[in-house]
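Here is a short tour to follow with the structure open beside you. Take your time and find each piece as we go.

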Amino acid sequence: MHSPHDPYVRVRGAREHNLKNVRVDIPRDTLTVFTGVSGSGKSSLAFGTIYAEAQRRYFESVAPYARRLIHQVGAPAVGEITGLPPAVSLEQRRSAPGARSSVGTVTTLSNSLRMLFSRAGDYPPGAERLDSDSFSPNTAVGACPECHGLGRIHRTDEELLVPDPSLSIREGAIAAWPGAWQGKNLRDVLDALGHDVDRPWRELPPKDREWILFTDEQPVVTVHPVRDAGRIQRPYQGTYMSARRYVLHTFADTKSRALRAKAERFLTSAPCPVCGGSRLRPEAMAVTFAGRTIAELAGLPLSALAEVLSGAGAGGEETARVLTGDLLARIGTVTELGLGYLSLDRTAPTLSSGELQRLRLATQLRSGLFGVVYVLDEPSAGLHPADTEALLGVLGRLKEAGNSVFVVEHQMDVVRRADWLVDVGPLAGEHGGRVLHSGPPEGLARVPESATRRFLFGEGIAPVREPRAPTGWIRLSGVERHNVRGVDAAFPLGVFTAVTGVSGSGKSTLVGQVLAGVLADRQAGEEPGPGARYCEAATGLVAVDRLVQVDQKPIGRTPRSNLATYTGLFDAVRKLFAGTDAARERGYTAGRFSFNVSGGRCETCQGEGFVSVELLFLPSTYAPCPDCHGARYNPETLDVTLNGLTIAQVLELTVESAASFFAGTPAAERALSTLLNVGLGYLRLGQPATELSGGEAQRIKLAAELQRTRRGHTLYLLDEPTTGLHPADVEVLMRQLHSLVDAGSTVVVVEHDMAVVAGADHVIDLGPEGGDRGGRIVASGTPAEVARGVGSRTAPYLARALRG
C-alpha cells in the first residue's frame, strides 16, 4: 500500500486496446512525454487509461441525476491506478465546431471585449448604456435582425438556377432542383399546375419564369403520373416548392455535406446590407473604444489588437485600465503560442485541430488550477519549429504552477525537454502495447528495441538525397487570397515540393485554395472558374492530367464506415464469402455479407454490434448486442466460413494479419499491400471511421488513391501529412510519396517537419511571420538554397536538419 503522499501516479494491469497488462510509475509535477510509433498504445495509456480513470472518478462524485446530463465513457480496462489527481484533457477534437464559434468564443476573449465596450466604451450623446450581451452577434439583443448575426446573406438569381435556358424543364433546365424522384415530382407538379414543361426555358413568359423560380407559395395539387414501363402509379397530392426556396432550405437545414455544397453552387454570398457584415445591431455599432467599433477590433490580428489596447488603456479611467489589463494578459498567452495572426472573429471551423488545441491551452494557462494532471495530444501539431520554444515555455509554466503535464508527442525537440519519458512499443497493434522505458529521456539510449531511440539521439538518420530536376513549371501570378497579396509563385512539376512557413503565413491558402482551385477549375472545364478569382494568371496547367487532394477530414461520420468499406476491400471480401460452397448452396449473394442492409445482419442491433441500454437515473450506455454479441451478423450468415474464419472474424483481423490470410487473392492483396505501405498494418479491417485519427484518415485516403491505376501526370496535394506520425512512420510515408514522384507524378506538401523538408527537391518558404506580416515568398529553391535564406524563420532549422 502506497502512502497518501506518494509522488507517483502508479498504473497496474492496464489492458485498454492493445496494452499488455502494463505496469508503470510516472512522477507527478513533471513534464512527462509519451512516445511510440502510431498504434503502439501510447494514447491508450495516456488518454484511454489515465485520463479516462480520472474522469470516471470525477463522475462518481457527481449526483446520479446530474450524471444523466453528461456524456460518459466506460471504465478503462485497468487493474488499479493510485496517486491520480483530477485531470484535464486537451485532446485534438475531430468534431467540427459551429459557424458561430470563433477564436473569441473558444478563448472567452470576446466576453472580456464585450464587457470593455459595455462598461468603458464611448457612447453617442444621450445613448443608453448597453449590457454586454448587446455586443454579441450570438444573442437576440445583439444580432443584426436581417442576417441573424451571421454577417452575410445568401441570394440566388435566374442565371445561377438555370445555366442553360435552351433546355426545357423536362430536360433539366432548372439545374438547382434535386435529382431522382424528388426532381421528377417537382416537374410533374408544375405540369399539373398548367405550366409548359416541354418548351425551352427562354421561350416561357417572364412572369411564369419568375414564379417558378422565386415564389414563396407552396400550392398543393393532385398529380396523375404518366404510366412508366407498365407500372401502375396512383395519383397523389404533390406540393410545389420554388427553386430558390429549395436551395435556401437545403443550404440551411441539410446535414449532408454533399447536398450543402451542391446548394452553395447556386447561391451568391454577400455582406449583409443592413449591418455591413458586422453582425450587430446599429446601437451596438454606435459605441466605440479607442475610436473603433467592436467589429473593427474583433477583425484585427491579436498582435495588432494588443497594440491598440495598450495605447488606449494606459491613460484612461480605472475601469478601462482594469479591463484592458485583463485582456492584454490573456491575449499575451495566445500570441506566445504563435497564434498572434488570428483575429477574434475568425470562425472556429477554419482553424486546424492544432490551432484549436493551443487556443484551449492558452485559456487553461489563465485558469490558475493547481494540482491537476493536464493530458495533451500532440500540442506541437501544426507548429513551426520556431514556435516550439514558446510552447515549451507555456508547458513549463503549467508545471511550475503545481500541475503535472502528460503529453503524447512525436516532436523530438519536445521529447528532449521532458523530465520523464514513457516509450511504448516496440511496434504497432498486437506487436506493441508494452512500456519499453519509463524514466529520464537519456535512459532510452539503453533500450535497443525502441523505435524512438535513433531519432532522439540522431542515430542512423537517412542521408539527404540529391534534388531531382523539374520536368516543367506551374506559374501563378498576382495571387490575392486572405493574407497572400500580389504574390507570384512557381511550382516545379515532376518533383517533390515542400511549402514551409510559420503558422498563419499563407501556406494552406497558396496550396490548398489557390493552386488546388485553378487546377480543379481546369479539370472541371470551368474557365476562368472560381480558382481564377485568386490569381491574375496561371500557366503550365495543361501538363497536369489529374489533381488529387489528400486531407485529414474523417473518412466517415458513423461507426458503419470503416477501413475496409472505404478502400473497397470489403467488396472483395464479401464476394469471396459469396463464392464459398456453403454460400452458393444457400443462395447467398455478396449482399448477404453486408452489415448495412437487412438479410445477413443481426436485426436486434441493425448490424451495429451494440445496443443502447437505458438505465434509471443513469446515462444511456452501450452494451454488446445480446443476440450477436458484437459480431453484427445473424447466426445463419456466421455459419459460412472462409478458410476457417467467419465474416465477423475477418473484420477483426489487423491489416497485417489480413495480408497473410488473403495471400494469393489479387483483389484483396492490392488494397492490403497499399495499407501496409503507408504504415497502417496495425489497424483492424472493421475499425470504425469514428475511432481513426486525422493522420490515419489521411493515410487511408492515400492508400485508396495508390490502388488506382495511374494514367497521365497526377499532382498530389497534401496538407501536413506527417501530423500525428512518429518519425519512423514518417519514413514509411515519405518512401511512398517519393515513389509517386519516381513514377512521374508531382507531389506538393505543406509541412513543418524539417526532416521531410530536407528530403524535398524544391522548397517554397512563406512568411516572414503570420497574418498581416506574412503572405510573402521569403525564399524558394533547393533545400540547401533555402537554408541559406536571409530573413527566413525556416532557414536555421532547415540548415540544422541538412547537417543531420
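Trp 473 has Pro 492 of strand β15 as its bridge partner. This is a predicted model, where local features need pLDDT of at least 70, side-chain atom pairs count only at pLDDT 80 or more, and totals for chains, interfaces and linings use all residues. Residues are numbered from 1 along each chain as its sequence is written, and side-chain values use heavy atoms, leaving out hydrogens and water.

**An open sheet**

- Strand β14 (residues 472–481) and β15 run antiparallel and are joined by eight bridges.
- Strands, like helices, are DSSP runs numbered from the N terminus (E, at least two residues, for strands; H or I, at least four, for helices).
- Two strands count as paired if DSSP finds at least two bridges between them.
- The open sheet has three strands in the order β15-β14-β17, with antiparallel pairing.
- Because β15 (484–493) and β17 (537–539) each have a single partner strand, they stand at the edges, with one side of each left without a neighbour in the sheet.

- Strand β21 (residues 714–719) has five of its six residues buried; buried means under 20% relative accessible area, with exposed over 50% and partly exposed in between (1.4 Å probe, protein chains only).
- Gln 549 has Leu 717 in β21 as its bridge partner.
- Five bridges also pair β21 with β22 (residues 746–750), again in the parallel sense, and here Asp 719 stands opposite Val 750.

**Nonpolar cores**

- A nonpolar core is a set of buried Ala, Val, Leu, Ile, Met, Phe, Trp, Tyr and Cys residues joined through side-chain atoms within 4.5 Å.
- The largest one holds 139 residues, and Leu 361, Phe 496, Phe 662, Leu 685 and Leu 737 touch the most other members.
- Helix α27 (residues 727–742) gives the most to this core, with seven residues.
- Another core, of 27 residues, lies apart from it, and Ile 474, Cys 535, Leu 541 and Val 544 are among its members.

**Helix α6**

- Which residues of α6 are buried? They are Gly 183, Asn 185, Leu 186, Arg 187, Asp 188, Val 189 and Leu 190.
- Their cover includes α7 (206–214), β7 (220–223) and β8 (236–239).
- Just after α6, Gly 194 takes a positive phi of about 100°.

Note on methods: Contact means heavy atoms within 4.5 Å.
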